[in-house]
Every structure is written in C-alpha cells, then in structure tokens.
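My entries follow in the order I made them.

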Amino acid sequence: DSCEAEINKVTKLDMTLFKKIQMFAHLEPFNPNDSIPYGDLALVLKLGKDLTNNYYEYEIPLQSSMLNGGTAFEGNIWPDTNYINLELEKFLTLKKENIKNKSIFEAEDPDNPGAFLRVRGTPSLGFIKVLGIAVRNKSDQNKVYCGQVWVNELRLAGLNEDGSYAAQARGQIKLADLGDINFAGSY
C-alpha cells in the first residue's frame, strides 16, 4: 500500500488542441541533514472528468534538490528528472489499448524510466473537469518522510496551429404576397 497527499482544482479544459503537458517539481527535506532516496516519493498528475472513475494519471519518481551545506542549492532547484514533459498522445494510445483489451490501464513511459501512465474508465482530453496533483509514498516500508514539494508552471504546450476553412451562407427570397423562403448553410 502507498499513502498519498493530494490537491485538486476544478476546471473546464479542452486539451485536444495541444501536444504536451509540462510541469516542474522540486522536492526538499525539511531537515537539510535528512535525505529522501530517489523514487521513494512520486509526483502524480491526474486529469479527467473525475478523479475516481474517469481520469488519466502520470506518475514520476521524485529526486531531492541538492543542498550545499544546508544553506543554498547546488545547481538547478528544479531537477530535470522532476520535469514533466508528457506527450498527450501517449494517454490516447493507452486509452485505446485499455478499450481493446479491457485489462491494460497502466504502462511505463518509454521516454522516462520509472514513470508510469495510467487510464481509468473513459476520460476525454476534450473535457477535463478536474486536475489533481499528489505526492505518493512509494517506499518499500511506507517510511515517513518530512519535506516539501513545490510544483511550478503547469502548462499545455505545442498548440496545433494547422489551418482550416470555414464558410457560412444565408439567403432569403420573397415571393410577393405568397411568403418568404429563408435558407442557411455552414461548412
């Protein structure tokens, strides 16, 4: 079993026009002398109609930012291993497999070792109603850790800017005293 702390945001979002979802994460123990081993805590991003029956989930193992003598950070406060840069097409591929096989709802992300994609139910990227960010304890013995996790710049990227066509026409004919004929069309 794993324990989890979660925060949710209710929204109305259409992600179908985007190619990626991105977010930075930072993990730091409260006591600079403590350490949190890589992968014992994981960041979980959930999005869907709800967060119980119809959602997509992405989980990445977290790496602590390195403290230099307890006062300053060495290098990047946002480690590259904690950066989510997920192609949304991966969720759609997993959802198709889940519908086809009725049993597959989890797959490891081939571009990010240790990260997992999950799908539950039949969520839609065109109708995201809830976003959830959680920290999941993945340690073997459910060891208790004391620290803080920051997330920053949750965003959609890669806007699909393919051109398209649209047309609209309206017409009206008056037949003297017999009446009017109206017609309209759109493409």
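I started with the side chain of Gln22, which makes a polar contact with the side chain of Tyr83 at 3.3 Å. A polar contact here is a pair of N or O atoms within 3.5 Å; within protein, one must be able to donate a hydrogen and the other to accept it, and residues adjacent in sequence count only if both atoms are side-chain atoms. The side chain of Gln22 makes a further polar contact, at 2.8 Å, with the side chain of Asn85.

Before going on I noted that this is a predicted model, in which local features need pLDDT of at least 70 and side-chain atom pairs count only at pLDDT 80 or more, while totals for chains, interfaces and linings use all residues. Residues are numbered from 1 along each chain as its sequence is written, and side-chain values use heavy atoms, with hydrogens and water left out.

I placed Gln22 in strand S2, residues 20-29. Strands (E, at least two residues) and helices (H or I, at least four) are DSSP runs, numbered from the N terminus. Is Gln22 buried or exposed? Gln22 is buried, at 11% relative accessible area; buried means under 20%, exposed over 50%, and partly exposed in between, with a 1.4 Å probe and protein chains only. Leaving out residues up to four places away in sequence, I listed what Gln22 touches: Tyr83, Ile84, Asn85, Glu153, Leu154, Arg155 and Ala157. Contact means heavy atoms within 4.5 Å.

Two residues on that list, Glu153 and Arg155, pair with each other through their side chains in a salt bridge of 2.3 Å, N to O. A salt bridge is a side-chain nitrogen of Lys or Arg within 4 Å of a carboxyl oxygen of Asp or Glu. Glu153 is partly exposed at 42%, and Arg155 is partly exposed at 29%.

How many salt bridges are there by this rule? The count is twelve. I looked at the one between Arg118 and Glu57, 2.7 Å from N to O. Arg118 is in strand S9 (residues 116-120) and Glu57 in strand S4 (residues 55-61), so this pair ties together parts 61 residues apart in sequence. Arg118 is buried at 11%, and Glu57 is buried at 3%. Both belong to a network of salt bridges that also links Lys46, Glu59, Glu106, Arg136 and Lys138.

I then checked Lys100 and Glu97, whose closest N and O atoms are 3.8 Å apart in a salt bridge. Both lie in helix H1 (residues 89-101), three residues apart, or about one turn of the helix. Lys100 is exposed at 61%, whereas Glu97 is partly exposed at 30%.

Next I turned to the largest nonpolar core, which has 27 residues. Such a core is a set of buried Ala, Val, Leu, Ile, Met, Phe, Trp, Tyr and Cys residues joined through side-chain atoms within 4.5 Å. Among the residues with the most contacts inside the core are Met15, Tyr58 and Phe91. Met15 touches residues including Ile21, Leu47, Leu125 and Leu156.

Last, I looked at strands S12 (residues 168-175) and S13 (residues 179-186), which run antiparallel and are joined by eight bridges. Two strands pair if DSSP finds at least two bridges between them. Ile173 stands opposite Ile181 in S13. S12 and S13 form a hairpin with three residues between them, and Ala176 in the turn has a positive phi of about 45 degrees.
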